[in-house]
Structures are given as C-alpha cells and as structure tokens.
Amino acid sequence: MTHVKTLNKAVLKDSVKRGACGECQTSCQSACKTSCTVANQKCEQLKK
Amino acid sequence: MIHKYKLMGLDIVLDVYSGAVHIVDDIFYDLLDKIGESFDKDADYSGIIAELSQKYPESDVKGSFNELKKLVDDGQLYTDDFYAEIAAKWNKKSVVKALCLHIAHDCNLRCKYCFAGTGEYQGHRGMMSAEVGKAAIDFVIKNSGTRRNIEIDYFGGEPLMNFGVVKEITEYAKEQGEEHNKNFRFTLTTNGILLNDEVKAYVNENMSNIVLSLDGTKETNDRMRYRVDGSGTYDAIVPKFIDIAESRNQDNYYVRGTFTAENLHFADDVMHMADLGFLQTSVEPVVAPETESYALKEEHIDTVLAEYEKLAKLYIDRRREGKPFNFFHFMIDLDQGPCVVKRLSGCGAGHEYIAVTPEGDIYPCHQFVGNKDFKMGSVMTGEFDEEIKSTFEKSNIYTKPECSNCFAKFYCSGGCAANAYNFNKDINEPYKLACEFERKRVECAIAIEAIKAMEGLE
C-alpha cells in the first residue's frame, strides 16, 4: 500500500541548472500590479 | 522545510526547497506531525513508529516511514535550503527590460479606491507626448543589454485618453526593435470607456495582452468605479469587454478587478465574471491606508481567507462541470514555472522594471510614482540613479527576515516592494496582510493542481 502520491518533481532545484537568462515576463506586467505571484509565470527557455 | 495542510479533502505536503508536492494519507500526515520540522537520517524514530502503531496498523506505519525515507533520499522531502548560498553571493547585475508607461496622468473615471489619485499621482494632470514615449523606448533599448524580450505596459490614468500617442510609440518601438534586435511585447491596461472598434483592431494586431478593469457584479463595480458625474460604468464596459475577449479567442487578456472591505465576498464577483463568459480573470485585494473606509484590515483576514477557499471549491466545480476558467492567482505551474533566481528576486521593480511619467521621470514602479524620494532619473536626460537601482536589485527573499520561515516565498518572491514601503517604510519588510492572503492563495492553487491531476481535469 502506498501512502504518498507525488505530484511533481523537484522543480526548484532542477531550475538552477537552467541559469537565469532573464528573458521571462516581468510579473507585474501581467495582471496583478501589486500581489506579486510569480509562480504562474512561464520560463522562456521551456516555452520554446 | 515542509508545509503541510488539509484543504478540499486532501492532505497536502509541500517540500519548500525542492518544490515537490505530495498528497498523503492520514497515516503519513500524522507521521510528519510527530517527526516535526526536520528529519535526521541517523536518528531513531522507533518510538514514533510504535506510538502511531497504537492508532494505525503497524505495517502501514512502517510502510509510510519507508516511503518517507525514500522521498528524503530522492531530494523530495525535508530538502535543505541550497539557495541561501546563491543569495549570499547575490550580485545581480540587472538590465532594464520592462517599462510601465504612464501615457495619461488623467482619467475619465473617479474610482473611489484609486491609488493614483484618480489619475494625478499626487502631481498634476497631464498626457505623455510621443517625444517622451519615444525617448523611453530609446532608453530601454540602451539599458537592456543583450536582453531580447522587452515589455511595454501602457498604463495611466486611462491610456486610451491618449491613444494616438500609444500608437505612435508602438510603431516606433517595432521599428527600433527590428533595428536593435529587440522583441517588444505590449500590454494595455484600460477601464474600457473609450474602447471602440478602431482600438480593438489595433490592440489585437499589436498587443500581447490587454488588462480590462472590472470589479465584478454591477453592484460591486459601480460602487467603486464611476464617472466624474457619479454614474457607474458596468453597463457601458461589459459588452465591450465581452466583445474584445471573444475577438482574442478568450486568451491573452485579463478582466481584472479589485476587492475591498465593501465586497469581502469577492468570490461572487469572480464567479460573475465567469458567468459573463470571461475565461481569464484576476481579482486583487485593494491596497489602501487603514484610514479609508474601504481598506482591508486585520479584522478582515479570516473572512478573506475563507473566501479564497470558497472560490477554490467553486473553481474546481466549474472544471468538473466542463466549464473551466482561469483565476490569475490560482494558476501555478507545478512542473515548470520560473527558475529559482526569478523566484528569489520577484517583480524586478526599480532595476528590471521601471515606470515612466508623462514628463519622462523614472520611478521604480507605478506604485512609487509621485514619491519624490524614489525619483530615479529621466528618460529625457538618460539619468538613472544607480544607488536606488542597487537598493532594489539587492532585495530578495533572503534580505527579508519575514520570508525566512514562510512556505510561500518561492511563489510570491517576497511580495510587493511598494506595499512593503508604503506600510513599513522598508522594501525588505513585507506587508503583513498581503502575506496572509498570498499564503492562502498558494495553498488553494496547489490543492487545485492536485485535484486537476488526480481527476484528469483541464
């Protein structure tokens, strides 16, 4: 019997390998203008 | 560091430093409860296993413990903070890559909660000239280094009061972009009063995003968003917003509202937007001094958090009914999302992102415009205050003591610098109410993703 269902991989750690190209959207430009959620932003490298 | 919580019928565990999310059963959840905040591979946990075996079958408790150890070994549970080192060596050399252009410091509405003083921004009413706008484009080309993607947000006041200049700047940016190998992406934020077919055609051809201001139901919207003569805007703008959303195939736009102490049950407003047919929605908490009657205060926190949970349930119900829509703050990509450096540093205000006034003055972002202490320079002279830039550049979640023990830090990146400054006079001291709200939004967003994955929902 399994007691855990893991939804995703260790995304944060893996992202370090991608570096920080800075080509992504500035979060404030989308819709929030104050609330600053960044986790829904797309990575430009992964979008390609 | 882990964060575990129960929501929407699920036991959820977030491993903060790896970003892994686990749905667990009650045995595993209770086991984590007993183990606590950290796990030591060499420690003896037989006492905990024996204790839990009084409540659950011993084989299940031992099975859970073995799964837990495997997750630890795989770097998906109780992972260490390996970003502190990155932050300690933080020497971010930013380039400017996004502009908020204040096309009009004037507005045809008199919204009660307007942070911009109904368009004036503590200054005088005025329109940006094409000359200033073009100088801003030249400035960003010059200051963006090798960065290719550049964002321009046409903001106000109401930018459609100066639409001719919007078009002139856009055409100039496209032309200069080709010459300098820059890819300009444009966004327009509008209250909709002056939207017409000509604007729609131009926006759809040229702009990657349009933000349409609407607070929700007619009652909610018109209580706050009214014209100079006091008349509400809902009836005039909603048909136009539906039309432009449809013309963009219900994508690359947001209907964006603000909730206040006067409509704490904002889930009803979000659902109203969805009922109108909008698929891209965003409703944000108002940011206002506590002296204002509509301001959100500590006494409202419980109600607001409950409302986010209510919205999350309704949001999933719509997906189960095959009628999904998006709510900006519930959109978390658990598999990809931005890299950790982006998550450490946040919105980029003051170093990657700047606001430009109609006169060409530079501020760290639209929220700082009018605060002379934060005037950074001018696109007309090219002057750019490196000291202020550096202050913002250095700020990240590790320079904010409040973030150290917060599970949501990699999802909000330390919150809004302007809010922090306005409430605490320090960009490194986040605004408490915003943190409370963000934590709940992140919990809801993760639960939603879990249910979507488990039920195969869109």
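Tutor: Gladly, and keep in mind that this is a predicted model. The contact draws 76 residues from chain B and 44 residues from chain A.

Student: What makes a residue part of that contact?

Tutor: Heavy atoms within 4.5 Å are the test. The area buried between chain B and chain A is about 5000 Å², with carbon and sulfur atoms giving 54%. On the side of chain B that touches chain A, the residues divide into 38 nonpolar, 21 polar and 17 charged.

Student: How many salt bridges and polar contacts does the rule find across the interface of chain B and chain A?

Tutor: For salt bridges the count is 0. A salt bridge needs a Lys or Arg side-chain nitrogen within 4 Å of a carboxyl oxygen of Asp or Glu. Polar contact, in turn, is found for 17 residue pairs, both residues at pLDDT 80 or more.

Student: Why are strand 1 of chain A and strand 3 of chain B called paired?

Tutor: Pairing asks for at least two bridges, and strand 1 (residues 4-6) of chain A and strand 3 (residues 21-24) of chain B have 3, in the antiparallel sense, so they qualify. A:Val4, for instance, has B:Val24 as its bridge partner.

Student: How do you know that helix 1 of chain B is mostly covered?

Tutor: Buried means under 20% relative accessible area, and 7 of the 10 residues in helix 1 (residues 26-35) are buried. Among them are B:Phe28, B:Tyr29 and B:Asp30. The buried residues of this helix pack against strand 1 of chain A and, in chain B, against elements including strand 3 and helix 3.

Student: What follows helix 1 of chain B?

Tutor: B:Gly36 does, with a positive phi near 90 degrees.

Note on methods. Residues are numbered from 1 along each chain as its sequence is written. Chains are lettered from A and ligands numbered from 1 in the order in which they are written. This is a predicted model: local features need pLDDT of at least 70, side-chain atom pairs count only at pLDDT 80 or more; totals for chains, interfaces and linings use all residues. Side-chain values use heavy atoms; hydrogens and water are left out. Buried area is the accessible area (1.4 Å probe) that two parts lose on being put together, summed over both. A polar contact is a pair of N or O atoms within 3.5 Å; within protein, one must be able to donate a hydrogen and the other to accept it, and residues adjacent in sequence count only if both atoms are side-chain atoms. Ala, Val, Leu, Ile, Met, Phe, Trp, Tyr, Cys and Pro count as nonpolar, Asp, Glu, Lys and Arg as charged, and the others, Gly among them, as polar. Helices (H or I, at least four residues) and strands (E, at least two) are DSSP runs, numbered from the N terminus. Buried means under 20% relative accessible area, exposed over 50%, partly exposed in between (1.4 Å probe, protein chains only).
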